[in-house]
Amino acid sequence: MATPDFIRDLRGSIGHQLLFLPGVTSVVRDDLGRVLLVRRADDGRWTLIGGIPEPGEQPAVTSVREVEEETAVRCVVERVLAVEALSPTHYPNGDVCQFLDVSLACRAVGGEARVNDDESVEVGWFAPDALPPLSAHALERIRLAGSDEPTRFLQPEDVPADAAQPLR
């Protein structure tokens, strides 16, 4: 995902310190049940479509915007799959971010899948039983999108004792 201007502005003040941000992950499926994936330009890995909401932007709006910006596919959001604080991400430039991820199940309603920006080098539809190598996060979100399970979120008793504690 490209770095939004408001984050570049923040980085000018805080340097590489940990920045806690909202993030949205979109599991887009078509009428055949295939999953829309992008192959990232920066590291060549296949992944779900994700992005950072602009200040004040609702997660569903972010999802629809990011999917179309990255793939030219139009979608509608159908439900929340999971809400979870992810582990911190360390970027090659030294920046550290931790995302509160809202994962959404989406249905494609139009457009032809293609590379639509400079963040991806390839875009494709994949049957759930023929996925390329993906992260555990992406695989779990795809599994949730294909199930009738309720929204996933961790209860306090589910958080490991050695997990990062909130700053006070």
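**Exercise 1. The largest nonpolar core**

Identify which residues of the largest nonpolar core touch the most other members, and which elements give two or more residues to this core.

Solution. The model is predicted. The largest nonpolar core has 14 residues. Those touching the most other members are Val-27, Val-35, Leu-37, Leu-48, Leu-81, Leu-134 and Ile-142. Two or more residues come from each of β2 (35–40), β5 (74–85) and α3 (136–145). With 4 residues, α3 gives the most. Another core lies apart from this one; it has 13 residues, including Ile-49, Val-73, Ala-108 and Val-123.

**Exercise 2. Contacts of Leu-37**

List the residues that Leu-37 touches, leaving out those up to four places away in sequence.

Solution. With that exclusion, Leu-37 touches Trp-46, Thr-47 and Leu-48, then Glu-122, Val-123, Gly-124 and Phe-126, and finally Leu-131, Pro-132 and Leu-134.

**Exercise 3. Thr-62**

Determine in which helix Thr-62 is found, and whether Thr-62 is buried or exposed.

Solution. Thr-62 is found in α2, a helix of residues 59–71. Its relative accessible area is 0%, so Thr-62 is buried. Not counting residues up to four places away in sequence, Thr-62 touches Val-24, Gly-51, Ile-52, Pro-53 and Glu-57.

**Exercise 4. Cysteines and disulfides**

Work out how many disulfides the model has, using the sulfur of Cys-75 and its closest cysteine sulfur.

Solution. The closest cysteine sulfur to that of Cys-75 is in Cys-106, at 4.3 Å. A disulfide needs sulfur atoms within 2.5 Å, so this pair is too far apart for a bond. The count comes to 0 disulfides. Both cysteines are buried: Cys-75 has 5% relative accessibility and Cys-106 has 3%.

Notes: Residues numbered from 1 in each chain as written. Predicted model: local features only at pLDDT ≥ 70, side-chain atom pairs only at ≥ 80, totals over all residues. Heavy atoms only, no water. Core = buried A, V, L, I, M, F, W, Y, C linked by side-chain atoms within 4.5 Å. Buried < 20%, exposed > 50% of the residue type's maximum accessible area, 1.4 Å probe, protein only. Contact = heavy atoms within 4.5 Å.
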